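Please keep the sequence and the structure in view while reading.

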Amino acid sequence: MTDPTLLVGLGGVAGALARHLVGERVEEATYDTLAVNVLGSFVLGMLVAAPVGSDLLLLAGTGFCGAFTTFSSFAYETVRLAESGRVQRAVLNATVNLVGALAAVGLGALVAGAV
Amino acid sequence: MRERLRRLEPLFLIAAGGFVGAALRFAVAEALPSSALPWGTLAANVAGAFLLSILLYENRFVGALSPETRLVVGTGFCSSFTTYSTFAVETAALAGLPGVATGASLPLLAVANVAVNYVLGFAAIGLGQVVARVLA
């Protein structure tokens, strides 16, 4: 049994670097954030539904997926949209992230169950 | 050698922030008493959004902090401390989604989880802006 905090931290390193590679531009380029949030939710849905051990779940799930996806950038970008008068786009951004991530979790769990 | 290190510096900064952010999110979730609502993720999302907001509005208003600070604290720490995937899985689990549900289906609590994360998360961005303006 490896130290859980170390596993989560190491997964977090990989998740943060992978998010950076996807090209996070924290401003109003909200598609990058949407992409990592939906993709990371799909993988986490798969990991949670699959019979993976607790070590892998901490490393790849809580660590990698948790760090790859982001709530803070999502919240900032959504508020910036509303602030600049694009309220409809802000609402759309909040909705699409939520519906997309939840659907991705369901799809991930479905894929894990089928394998 | 020095040139190569310089180009790798942003990656080291993001990696360091990412390690601390993810590990601290886990520690916060472990430290909080377990209950039906996932408080750990909520606390991390709201606190991380507040810190990121101060950082990014500071950059808009003043710009005194270095790009390195934004990389290690913003892209590294805040974005790894906060999480959308864990929030989504916990919400789906509360709603009783097959494969991820851990207990009884509690649709109202799932809706409440989304509402508190969204409302408090957006409020934290607004509050961070106020703090950045006061400090400016």
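## A helix pair across the chains

Helix α4 (residues 72-83) of chain A packs against helix α5 (residues 107-135) of chain B at an angle of about 70°, and their axes lie 9 Å apart. Here helices are DSSP runs of H or I with at least four residues, strands are runs of E with at least two, and both are numbered from the N terminus. Axes are lines fitted to C-alpha atoms, for helices over the stretch in contact, with angles running from 0 to 180 degrees between N-to-C directions. α4(A) and α5(B) are therefore roughly perpendicular to each other (65 to 115 degrees; under 35 counts as roughly parallel, over 145 as roughly antiparallel and the rest as oblique).

On the α4(A) side the contact (heavy atoms within 4.5 Å) is made by S72(A), F74(A), A75(A), Y76(A), T78(A), V79(A) and E83(A), while α5(B) contributes Y118(B), G121(B), F122(B), I125(B) and Q129(B). These residues divide into seven nonpolar, four polar and one charged, where Ala, Val, Leu, Ile, Met, Phe, Trp, Tyr, Cys and Pro count as nonpolar, Asp, Glu, Lys and Arg as charged, and the others, Gly among them, as polar.

## Basis and confidence

This is a predicted model, in which local features need pLDDT of at least 70 and side-chain atom pairs count only at pLDDT 80 or more, whereas totals for chains, interfaces and linings use all residues. Residues are numbered from 1 along each chain as its sequence is written, chains are lettered from A and ligands numbered from 1 in the order in which they are written, and side-chain values use heavy atoms, leaving out hydrogens and water.

For chain A the mean pLDDT (the predictor's confidence in each residue, from 0 to 100) is 93, and 94% of its residues reach 70 or more. Chain A comes to five helices and zero strands.

## The interface as a whole

The contact between the chains takes 48 residues from chain A and 42 residues from chain B. About 3500 Å² is buried between them, with carbon and sulfur atoms giving 74%; buried area is the accessible area (1.4 Å probe) that two parts lose on being put together, summed over both. F19(B), F26(B) and Y84(B) supply 18% of the area that chain B buries against chain A, more than any other three residues.

## A helix pair within chain B

Helix α4 (residues 85-94) of chain B and α5(B) pack at about 155°, with axes 7 Å apart, which makes α4(B) roughly antiparallel to α5(B).
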